[in-house]
Amino acid sequence: MSVIHRHRHEATAPVVEQAGAPAIESHDHGTLFDKALATLRIAFGITFLWAFLDKTFALGFHTG
């Protein structure tokens, strides 16, 4: 898996506007969005880990 990291100063480069062309805006979702995605990713991970452990060790607790 490869990850592309962009530094803040590269993402906020000045926008050059041309006549008739729409300006390109950079959308930064902020830390709240990042924390929500991280929490969701951890929750999915725990769900799949539990399903794996339940099937591996035959615990008998079914995942919904």
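Just after helix H2, Ala58 takes a positive phi of about 50 degrees. Helices here are DSSP runs of H or I with at least four residues, strands are runs of E with at least two, and both are numbered from the N terminus. Most residues other than glycine have a negative phi. Ala58 has its positive value although it is not a glycine. Ala58 is also exposed, at 66% relative accessible area. Exposed means over 50%, buried means under 20%, and partly exposed lies in between, with a 1.4 Å probe and protein chains only.

This is a predicted model, where local features need pLDDT of at least 70, side-chain atom pairs count only at pLDDT 80 or more, and totals for chains, interfaces and linings use all residues. Residues are numbered from 1 along each chain as its sequence is written, and side-chain values use heavy atoms, leaving out hydrogens and water.

Now step back to the whole protein. It has two helices and zero strands. Of its 64 residues, 2% are buried.

Next, follow H2 itself. H2 has 27 residues and spans 38 Å from its first C-alpha to its last. That is close to the expected 39 Å, which is 1.5 Å times one less than the number of residues. UniProt, in an unreviewed entry, places a "transmembrane region" at residues 36-53. Such annotations may be inferred rather than shown by experiment, and their positions follow the numbering used here. Over residues 36-53 the chain is 100% helix, and the end C-alpha atoms are 26 Å apart.

Finally, look at Phe44. Phe44 is found in H2, which covers residues 31-57. Phe44 counts as partly exposed because its relative accessibility is 48%. In an α-helix, residues three or four places apart point the same way.
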